Amino acid sequence: MAQHDYINKKPAGRNSKKQAPAKKPFPILLVLVALILFGGFAYGLWFIKSNADPKLVEKQANPTPAKKVEVAIPRTPEFIKEIREHEIQVEVKEIEQKGPYVMQCGSFKTHAQAESLKAKIAFAGLISEIKEAKGSNGIWYKVRLGPYKTKRQAESDKNKLKRVKIVGCGIWGWT
């Protein structure tokens, strides 16, 4: 079978010369429309200038200064003076504190687990303590923080612990 040379072969049926683009005709219609619009605009300006009212033209050329109007300052009503001088008596009730609060973050069977949680709490910047509690189920090691004077302080520390992924802490009244 004979081999064909496809690289040097020119495609059949194509003209290698490009045809020059056809010249566009002069836009006579567009030029006429532009001349009519320009002529209409010039006629409009001439018409406005020749038919202007001379009195209005003079008034616009030499405007008269505006008269100064005196604004009367209103006097303050009597009730506003009374409001400014009035004194209000308010009773301030002292909110009773329910007592000191303590926050418990865990209760564990082994002392090593309690120490691990105490270390995590220390890395959060808080001081905790481990309390040993003896019950019917044996010895439990409780990790506690506090005491806090207000519940708001305890909630603040609880939110600090939540930021470092220590959740499950409960706030109770200290007994």
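This is a short tour of a predicted model, stop by stop.

**Confidence colouring**

Start by colouring the chain by pLDDT. The average is 87, and 90% of the residues score at least 70. Go to helix H4, residues 111-123, where confidence is highest, at 95. Then go to helix H2, residues 54-61, where the mean is lowest, at 82. Where pLDDT is low, predicted coordinates should not be read in detail.

**The disulfide**

Select Cys-105 and Cys-169. Their sulfur atoms lie 2.1 Å apart and form a disulfide. A search of the whole structure finds one such link. Look along the S-S bond of Cys-105 and Cys-169: the angle about it is 110°, and the link is right-handed. The pair joins distant parts of the chain, 64 residues apart. Cys-105 sits in strand E1, residues 101-108. Cys-169 sits in the loop between helix H5 (151-163) and strand E4 (170-173).

Are these two cysteines buried or exposed? Cys-105 has 9% relative accessibility, so it counts as buried. Cys-169 is buried as well, with a relative accessible area of 7%.

Centre on Leu-145. Setting aside residues up to four places away in sequence, Leu-145 touches Val-102, Met-103, Cys-105, Ile-121, Leu-126, Ile-127, Ser-128 and Leu-161.

**Ser-128**

From Leu-145, step to Ser-128, one of the residues Leu-145 touches. Ser-128 is in the loop between H4 and strand E2 (129-135). Its relative accessibility is 8%, so Ser-128 counts as buried. Beyond its neighbours within four places in sequence, Ser-128 contacts Lys-118, Ile-121, Val-143, Arg-144 and Leu-145.

**Helix H5**

Select H5 next. This helix has 13 residues. From its first C-alpha to its last, H5 reaches 19 Å, close to the 18 Å expected at 1.5 Å a residue. Which of its residues are buried? They are Ala-154, Asp-157 and Leu-161. Turn the view to look down the axis of H5: the buried residues fall within an arc of 65°, so they line one face of the helix. An α-helix has 3.6 residues a turn, so residues three or four places apart point the same way.

Now show what covers the buried residues of H5. The cover includes E1, H4, E3 and E4. Then move past the end of the helix. H5 is followed by Lys-165, with a positive phi near 70°.

**Ile-88**

Finish at Ile-88, in the loop between helix H3 (78-85) and E1. Is this isoleucine, Ile-88, buried or exposed? Its relative accessibility is 65%, so Ile-88 counts as exposed. Draw a distance from Ile-88 to Ala-61, 27 residues away along the chain: their C-alpha atoms are separated by 63 Å.

How values were computed:
Residues are numbered from 1 along each chain as its sequence is written. This is a predicted model: local features need pLDDT of at least 70, side-chain atom pairs count only at pLDDT 80 or more; totals for chains, interfaces and linings use all residues. Side-chain values use heavy atoms; hydrogens and water are left out. A disulfide is a pair of cysteine sulfur atoms within 2.5 Å. Helices (H or I, at least four residues) and strands (E, at least two) are DSSP runs, numbered from the N terminus. Buried means under 20% relative accessible area, exposed over 50%, partly exposed in between (1.4 Å probe, protein chains only). pLDDT is the predictor's confidence in each residue, from 0 to 100. Contact means heavy atoms within 4.5 Å. The expected span of a helix is 1.5 Å times one less than its number of residues. The arc is that of the directions from the helix axis to the C-beta atoms.
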